[in-house]
Amino acid sequence: MNVVTPFEGIGASVRRKEDLRFLSGRGQYTDDISRPGQAHAYLLRSPHAHARILSVDTAAAKAMPGVVAVFTSADMAGLGGIPCGWQIHNKDGSPMAEPVHPVLATGKVRHVGDPVAVVVAESRAQAKDAAEAILVEYEVLPAAVDMEAALAPGAPALHDTAPGNLCYDWQIGDKAITDAAFAGAHKVVKFETTNNRLVPNAMEPRAAIGDYDTTSGDYTLYTTSQNPHVIRLLMGAFVLQIPEAKLRVVAPDVGGGFGSKIYHYAEEAIVTWAAGKLHRPVKWTCERTESFMSDAHGRDHVTRCQLALDAQGKFLGLRVQTHANMGAYLSTFAPCVPTYLYATLLSGVYAIPTIHAEVKAVFTSTVPVDAYRGAGRPEATYLLERLVDVAAAETGIDKVELRRRNFIPTDAFPYQTPVALQYDSGNYFATLDQALETSGWTGFEARRAEAAAQGKLRGIGISTYLEACGIAPSAVVGSLGARAGLYEVGTIRVHPTGSVTVLTGSHSHGQGHETTFAQLVADRLGVPIAQVDVVHGDTAKVPFGMGTYGSRSLAVGGSAMFKAMDKIIAKGKKIAAHLMEASVEDIEFDRGTFRVAGTDRSKALAEISLAAYVPHNFPHDELEPGLDETAFYDPKNFTYPGGCHIAEVEIDSETGRVTVVQFTAVDDIGRVINPMIVEGQVQGGVAQGIGQALLEHAVYDSAGQLLSGSMMDYTMPRADDLPPVGVATHATLCTHNPLGVKGCGEVGAIGSPPAVMNAVVDALRDYGVRHIEMPATPAKIWNIINAGRRPMAAE
Amino acid sequence: MYDFAYHKPATIADAVKILSADPDARAIAGGQTLLPALKHRLNRPPAVVDLSGIAELRGVKRDGNKLTIGALTRHVDVANSPEVQAAIPALAKMAGSIGDIQVRNRGTMGGSVANNDPAADYPAAVLGLNATVVTDKRRIAADDFFQGMFTTALEPGELLVAVEFPIPEKAGYAKMRNPASRYVMAGVFVAKTAGGVRVVVNGAGPGVFRQSEMEKALTANWSADAVAGVKQSAEGLNGDIHGSAEYRAHLVTVMAKRAVAEAG
Ligand SMILES: Cc1cc2nc3c(=O)[nH]c(=O)nc-3n(C[C@H](O)[C@H](O)[C@H](O)COP(=O)(O)OP(=O)(O)OC[C@H]3O[C@@H](n4cnc5c(N)ncnc54)[C@H](O)[C@@H]3O)c2cc1C
């Protein structure tokens with residue numbers, strides 16, 4: 001008999017099923033896999049940011065011990081380029097510039113790390129030795145590293161097909177109405193900021209193994225991906241021209257992605273292609289230093305904006321002009337990040353009558369930039385939440401009061417923003433009040449004074465944020481330029497004796513899906529989670545899927561499972577009606593039991609499934625045997641998590657070192673399935689947000705060399721950089737998905753950076769500081785303190 | 001990593017024999033500096049001489065007013081040694097602050113001192129305590145040992161055997177870490193010894209150096225206030241994405257104050 005304890009269903013902090021294998025070192029990551037007879041690939045990468053390739057001489061390398069083959073782009077003629085999954089249109093309606101992104105650099109290299117040649121050898125070390133013997137003659141060209149420099153007239157042109165290094169010049173919102181709002185404003189607050197470039201640095205570096213079956217002609221790619229079906233589609237259809245039926249993509253255990261493993265990377269195509277060419281499995285594993293120069297980076301915006309207010313501090317309009325760095329080539333989703341995942345969020349939690357945003361996307365001689373945890377939404381939130389603090393300072397209105405005055409009223413949902421989105425639900429006052437209370441906001445001045453007595457500068461900062469996730473309605477994104485649908489697929493396979501296998505198109509790379517999804521099934525079908533197995537990450541097993549990013553796994557993938565369970569229950573009711581000789585309308589289902597309403601006659605799910613698979617007594621006229629249902633769920637809208645983050649910092653005024661001493665997060669993520677997993681997700685996101693605010697920065701020099709190219713110079717947050725993070729939730733349910741869930745993967749990284757930076761600026765209020773760019777490093781803070789009371793930054 | 005020959009001698013004499021035979025052969029102690037360099041292919045020694053089999057290189061010994069620490073003594077052993085904690089608490093504390101647990105479990109006194117990374121900790125203590133570096137051939141005063149970035153008085157094939165620390169009246173150490181690498185960005189070691197006051201700066205410049213103005217100030221008046229007014233010149237100091245030379249110069253004064261306060 002199936003028994004689900006109340007501790008396993010929705011709302012229970014069940015321990016993660018997957019942790020036994022992860023914590024005992026038995027996870028199977030791509031690099032743990034070895035195929036019989038496999039050879040090893042090593043990529044020779046460009047040391048220059050921009051150069052013409054005059055010649056590549058591989059003769060010596062080919063003669064080195066253990067070398068199986070050496071390939072350059074000349075060997076790959078006929079292969080497609082790495083495709084881009086989203087097309088943005090310019091203000092004038094013309095499509096964005098979309099230069100070819102060759103698998104191996106062809107004619108030119110465009111960033112340090114651009115792959116030029118690949119060596120396949122019996123061992124990694126031999127491949128690496130041989131790569132050193134490849135002679136590449138470069139004509140070094142001036143680089144275009146900084147976005148403003150790349151856009152300047154006469155800048156070095158990276159691509160012939162992208163004049164002025166411009167990818168697109170896009171806009172959203174109504175310019176005329178916005179101009180009119182500014183014309184009538186009581187006050188206009190101007191603000192300019194940079195959103196610092198980040199290197200994702202998932203703990204597991206990328207890896208890929210290509211395998212080819214010479215008898216069947218089938219290819220298999222094992223890869224560190226967040227979305228194996230998407231990789232199969234992009235690589236199979238666009239790069240290698242392998243039909244889906246002949247290409248299997250497996251993304252086994254994956255050690256973190258944060259967005260950087262969404263994209264189709266050249267290395268995946270290279271090992272798959274080489275396996276077919278050499279009739280041997282070919283494995284590639286990225287080294288950490290290599291990942292700094294080949295994994296897509298995140299963020300990197302420069303923005304100017306203006307906020308119009310009336311005399312009471314009500315927001316009248318917002319204008320935003322952003323330059324967004326694309327890097328040297330368009331990564332898979334890069335063009336949509338600073339447009340539909342950024343500018344559409346510029347209303348935040350506020351009722352702003354009109355907004356006009358313009359975004360120029362720029363090619364530079366740097367690693368491609370794409371979505372990184374939050375993707376566009378952290379950039380929008382940071383801009384808005386710093387801007388509101390600056391506006392509070394300049395109007396003299398208390399920063400909490402200014403926020404309250406402009407919040408979207410709780411009874412105004414569904415709320416249509418001037419930048420395309422329609423929010424379904426939220427209560428920003430409730431999350432604000434709860435966070436103020438938990439953080440001890442009103443008692444702060446005493447803590448400030450106490451810190452001052454010890455020579456420390458203490459500050460408090462708030463961020464009331466909103467994000468759009470659970471991406472996304474296919475028809476909507478299609479009209480906005482997506483070249484894919486963004487539904488999700490779920491299969492519920494009830495086995496003959498009642499245990500369940502769930503197949504999901506979502507992919508877990510740290511999020512705990514094997515547990516959360518099992519809880520959904522336990523809660524609804526009454527099957528204990530120990531008897532629910534969640535399968536993901538293999539195109540040969542899962543019908544289809546769009547993968548995991550944009551906090552979509554539960555909202556979209558979970559909803560697909562819910563729909564599949566609807567079908568299971570509907571079919572089960574028919575079988576139960578047949579077995580109990582009742583009418584289907586009279587069958588009730590509750591957590592694993594089919595009951596004839598008003599009677600004590602019932603059948604357990606396992607009895608129904610047994611009847612379905614051993615159909616001796618079965619309504620054959622009406623039903624097919626089996627109990628295995630699949631649903632494709634296409635969301636009706638984005639989901640809109642939001643909430644309030646409050647950070648408290650202390651600054652050592654002698655060294656400039658900032659310490660976050662307290663952090664409070666109150667998030668509305670809709671219904672919570674597993675509070676413990678949510679807490680972990682939020683804390684992880686906050687860690688990354690604190691990393692962005694205080695520590696992390698990908699810095700290039702003017703020649704395009706990455707100065708922060710290793711852990712020696714790129715400051716990853718460590719445990720002792722982080723305060724205890726208090727996590728609470730306050731739910732308003734999502735109104736348009738069956739679970740009422742909104743998503744929790746990104747809120748931490750979205751809400752936290754402005755809370756921290758607002759606290760840093762607050763701590764330095766006596767120094768006349770209006771704004772500090774991220775990251776707030778000790779040296780930067782000391783410079784401000786050392787300069788004493790500096791004049792307000794010039795407009 | 002390139003291929004290399006591997007040797008594991010059991011005595012100092014055997015190690016020296018192999019190292020002297022080939023000037024490009026490298027000793028390996030904890031490997032916390034050499035291994036990353038090999039992995040990054042920055043170094044291509046034909047042979048690596050593993051010192052871990054040489055028992056006489058290990059251990060802490062107190063002998064009157066002198067503490068002798070064997071070259072192969074790991075950071076964790078120095079940090080946890082009751083002798084070091086009693087005699088020179090600042091040195092034990094410094095050892096316990098190097099890198100992270102994994103690094104301290106492998107890295108050694110001799111490796112750190114022989115390497116003389118300008119951002120390393122130990123060289124500041126060795127110079128600040130006026131220690132003597134003992135090799136297989138000779139004894140070298142700390143003042144003569146450190147010769148700038150990654151350079152020491154050690155000759156090719158010469159093995160660092162131990163470091164002898166005279167026990168000071170008091171000593172203290174304070175450092176600001178580089179936010180990314182956590183190595184020293186600017187540190188100051190202060191000591192009041194039988195031979196006078198010593199103030200040594202690490203991390204901020206291209207190598208460890210003595211800060212004579214601060215030494216004078218502390219000789220006249222051993223207090224944090226005495227160094228608070230002494231400014232370090234930024235000239236010749238390091239500047240990078242983590243901070244300018246001016247910032248590091250400023251930190252020297254701050255760390256000097258904290259080191260004196262720490263010393264008591
Ligand atoms: C992540 C990380 C963080 C670190 N952080 C710090 C830090 O905060 N502060 C700090 O001071 N250090 C730090 N280190 C360096 C660490 O302290 C090393 O242990 C030390 O620099 C070298 O010691 P080792 O025993 O590992 O030497 P090895 O790496 O084995 O050798 C280093 C060099 O010294 C030579 N050598 C070793 N022993 C002898 C000997 N007896 N005689 C002659 N030559 C010898 C070797 O040939 C080699 O050239 C860090 C290292 C890592 C990996």
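Mentor: Let us begin with a term. Two strands are said to pair if DSSP finds at least two bridges between them. In general, the strands of a sheet pair through backbone hydrogen bonds, in either a parallel or an antiparallel manner. In this predicted model, chain B contains an open sheet of four strands, arranged in the order β9-β10-β11-β12 with antiparallel pairing. Its edges are formed by β9 (170-177) and β12 (209-210) of chain B, each of which pairs on one side only.

Strand β11 of chain B, residues 196-202, pairs with β12(B) in the antiparallel sense over two bridges. V201(B) has F209(B), in β12(B), as its bridge partner. A helix accompanies the sheet: α12 of chain B, residues 245-263, lies across β9, β10 (184-193) and β11 of chain B. The helix runs at about 145° to β9(B).

For comparison, chain B also has an open sheet of five strands in the order β4-β5-β8-β6-β7, with antiparallel pairing. Here β4 (60-63) and β7 (139-141) of chain B stand at the edges; each has a single partner strand, so one side of each lacks a neighbour in the sheet. Neighbouring strands of this five-stranded sheet are turned by 20° against each other on average, direction ignored. Within the sheet, β5 (residues 66-70) and β8 (residues 160-166) of chain B pair in the antiparallel sense over five bridges. T68(B) has E164(B), in β8(B), as its bridge partner.

Definitions and conventions. Residues are numbered from 1 along each chain as its sequence is written. Chains are lettered from A and ligands numbered from 1 in the order in which they are written. This is a predicted model: local features need pLDDT of at least 70, side-chain atom pairs count only at pLDDT 80 or more; totals for chains, interfaces and linings use all residues. Side-chain values use heavy atoms; hydrogens and water are left out. Contact means heavy atoms within 4.5 Å. Axes are lines fitted to C-alpha atoms, for helices over the stretch in contact, and angles run from 0 to 180 degrees between N-to-C directions.
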